Amino acid sequence: MAQTKDSSMKYISLVTLTVQNALLGLCTRYVRTRPGDMFLSTSAVLMGELVKLVTCLAILPTSEGSLSRAWLAIKTQILDQKLDTLKVGVPSLIYTVQNNLLYVAASNLDAATYQVTYQLKILTTAVFSVTILRRSLRPLQWCALLVLLVGVALVQLAQAEPARPTADAPAQSQLLGFSCALAACVLSGFAGIYFEKILKGSDVSVWIRNVQLSALSLPLALATGLLSDGGRIADKGLLFGFDWVVWCVIFQNAMGGLLVAVVVKYADNILKGFATSLAIIISCIVSIYLFDFQLSVMFVAGTAMVLSAVFMYSYQPPVVAAIPLKADGGGSAVRKVAP
C-alpha cells in the first residue's frame, strides 16, 4: 500500500513540477512584455520571499509534530543561534539578486530561449560542487556539461537577431537578457552549493533553514527595492501594476523550490530532468502560438543538445555488488551483479 502511495506521489509531483516549470517561464515572459502598467520586479521578489516565509512557517508545525515544538525549534535554532542564522545571510543576498536578474532576463528573452539558457545552472552548480564540496564527476557528466554548453551557445546564436519591439511593448536586448540569465546561473550554482553545505554541516531541518533564508531575504529584498526603485515606490506604491497574473507568477516562483524537494523525495534525478525537459518542450510549443516564436534548425539542434545533457548529467549507473561464491575446489570466487 505504501509503495503504491509513493508511486502515485512520484508521478503527481513529476507532473506538477513540469507544469510549474513551463507556466513560470511563460507567465513571467507574458507579464514582463504585455502592454499596460509594468510592476516593479523588486516588489515581486519581496512578495515572493514573504510567500515563502509564510508557507514554511505553515508547514513547520507539521514537520516538527506540533505548534509548540515548531515554536521551540524557532526559538532554539533561530532566535538563540544568531551567528548560525547569519550564515544563511550569504545565500539570502545571492538569491535576492538572482531573482531580480531573472526578471530582467525574462523581459529580454523569449520564454523558450529563457528556459533553455537557464539550464546553464547545471554547469555552474557542477563547477562549484567540485571546487567547494570537493566532489568528483563521472566522465559522462563532464561530457554532458560540454554538450550543455554547446547547446546553449547554439540556442543563443539562433536568437541572435534582436526582437522588434511593437509600439506598446518595451525594447528588448538579447545581450542584456543572456548576460542576466548567465549571471543568475552563476549565483544560483554558488548559492545552492553553499546552502547545501550549511544543511549538511548541521542537524537543523530544511524547513528551519528555509525560514532563516526567507526571514533574512525579506529585509534584503526590501532594501534592494528602496535603493533601486525607491522613487517609483514612493510615487506609485509597492504593489503598482500587480494583478492576478503577477500574483500567479509570484506564487509559482515561491512554490518551485518546495516542489523540487517533493520530487527529490519521491522520485529521482532522472525524473526531475525529465520534468525539466518536458517543461522546455511545452514552453517552445506554447511560445510559437502565444508569442509568435519562430523555430529554426539551429534552435532545435541546440535545445536537443540541452535536453540530452540534462539526462546525461542526471544518469546514475547501476551499482555493482560483489557476491562471494564458493568454488568447486574449496576456494572462493566473486560474482558481480547489478541490483
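## Terms and model

A residue is buried under 20% relative accessible area, exposed over 50% and partly exposed in between, for a 1.4 Å probe and protein chains only. This is a predicted model, in which local features need pLDDT of at least 70, side-chain atom pairs count only at pLDDT 80 or more, and totals for chains, interfaces and linings use all residues. Residues are numbered from 1 along each chain as its sequence is written, and side-chain values use heavy atoms, with hydrogens and water left out.

## Ser 217

Ser 217 has 1% relative accessibility and therefore counts as buried. Ser 217 belongs to helix 10 (residues 206-236); helices are DSSP runs of H or I with at least four residues, numbered from the N terminus. Leaving aside residues up to four places away in sequence, Ser 217 touches Glu 49, Ser 92 and Thr 96, where contact means heavy atoms within 4.5 Å.

## Aromatic residues

The structure holds 7 aromatic pairs. Rings of Phe, Tyr and Trp (its six-membered ring) pair if their centres lie within 6.5 Å; planes under 30 degrees apart are stacked, over 60 edge-to-face and the rest tilted. Phe 39 and Tyr 103 are edge-to-face, at 6.0 Å centre to centre and 80° between the planes. Phe 39 lies in the loop between helix 1 (2-33) and helix 2 (41-64) and Tyr 103 in helix 5, so this pair ties together parts 64 residues apart in sequence.

Phe 39 is buried, at 2% relative accessibility, and Tyr 103 is buried with a relative accessible area of 4%. Phe 39, Tyr 103, Phe 242, Trp 247 and Phe 251 form one aromatic cluster.

Technical notes. Helices (H or I, at least four residues) and strands (E, at least two) are DSSP runs, numbered from the N terminus.
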